Amino acid sequence: MLSKKTKYGIKALTFIARNQGDVPVQVGVIANHEQIPQKFLENILLTLRKSGLLGSKKGKHGGYYIRKDPKYILKYTTVSGIDGFDGSRKESPKAVVQSIT
């Protein structure tokens with residue numbers, strides 16, 4: 001079973017991939033659309049930024065953007081970036097290998 005943090009991370013990445021244009025996607029927009037508590041989402045997005053999947057921009061038109069082609073971001077990569085697979089998980093990493101788009 002995937003953690004709530006991981007499920008929200010996948011939802012957020014998918015939303016960003018489908019909605020990013022010339023400006024990054026703001027946290028509040030993602031939180032409202034995906035019904036994720038904003039403070040919890042901020043922590044998840046920070047983790048994803050530190051793992052290299054997301055970039056961020058500060059300021060009035062700031063937000064998050066995907067750093068790689070979304071076609072090549074796998075759910076496994078997202079799970080590893082948030083929770084990791086440390087051998088204590090019940091599911092196999094292969095169970096979550098899918099493209100986020």
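What follows is a short chat about a predicted model.

Visitor: How many salt bridges does a search of the whole structure find?

Guide: The search turns up 1 salt bridge. K39 is paired with E42, and the closest N and O atoms are 3.7 Å apart. Keep in mind that this is a predicted model.

Visitor: Where do K39 and E42 lie?

Guide: Both are in helix α3, which covers residues 38-50. They are 3 residues apart, about one turn of the helix.

Visitor: And is K39 buried or exposed?

Guide: K39 is exposed, because its relative accessible area of 64% is over the 50% cut-off. E42 has 28% relative accessibility, so E42 counts as partly exposed.

Visitor: Why would two side chains like that pair at all?

Guide: Side chains of opposite charge can pair when their charged atoms come close.

Visitor: Changing topic. How many residues are in the largest nonpolar core?

Guide: That core has 19 residues. The ones with the most contacts inside it are I16, I30, L41, L45, L48 and L54. At least two core residues come from each of α1 (4-19), α2 (27-34), α3 and β2 (63-66).

Visitor: Which of those gives the most?

Guide: Helix α1 does, with 6 residues.

Visitor: Tell me about α1, then. How many residues has it, and how far does it reach?

Guide: Helix α1 has 16 residues and reaches 22 Å from its first C-alpha to its last. That is close to the 22 Å expected at 1.5 Å a residue.

Visitor: Which residues of α1 are buried?

Guide: The buried residues of α1 are T6, Y8, G9, I10, A12, L13, T14, F15, I16 and A17.

Visitor: Which parts of the chain does the pair link?

Guide: Distant ones: Y8 sits in helix α1 and F40 in helix α3, 32 residues apart.

Visitor: And Y8, buried or exposed?

Guide: Y8 is buried, because its relative accessible area of 15% is under the 20% cut-off. F40 is partly exposed, with a relative accessible area of 30%.

How values were computed. Residues numbered from 1 in each chain as written. Predicted model: local features only at pLDDT ≥ 70, side-chain atom pairs only at ≥ 80, totals over all residues. Heavy atoms only, no water. Salt bridge = Lys/Arg side-chain N within 4 Å of Asp/Glu carboxyl O. Helix = DSSP H or I, 4+ residues; strand = E, 2+ residues; numbered from the N terminus. Buried < 20%, exposed > 50% of the residue type's maximum accessible area, 1.4 Å probe, protein only. Core = buried A, V, L, I, M, F, W, Y, C linked by side-chain atoms within 4.5 Å. Expected span 1.5 Å × (residues − 1).
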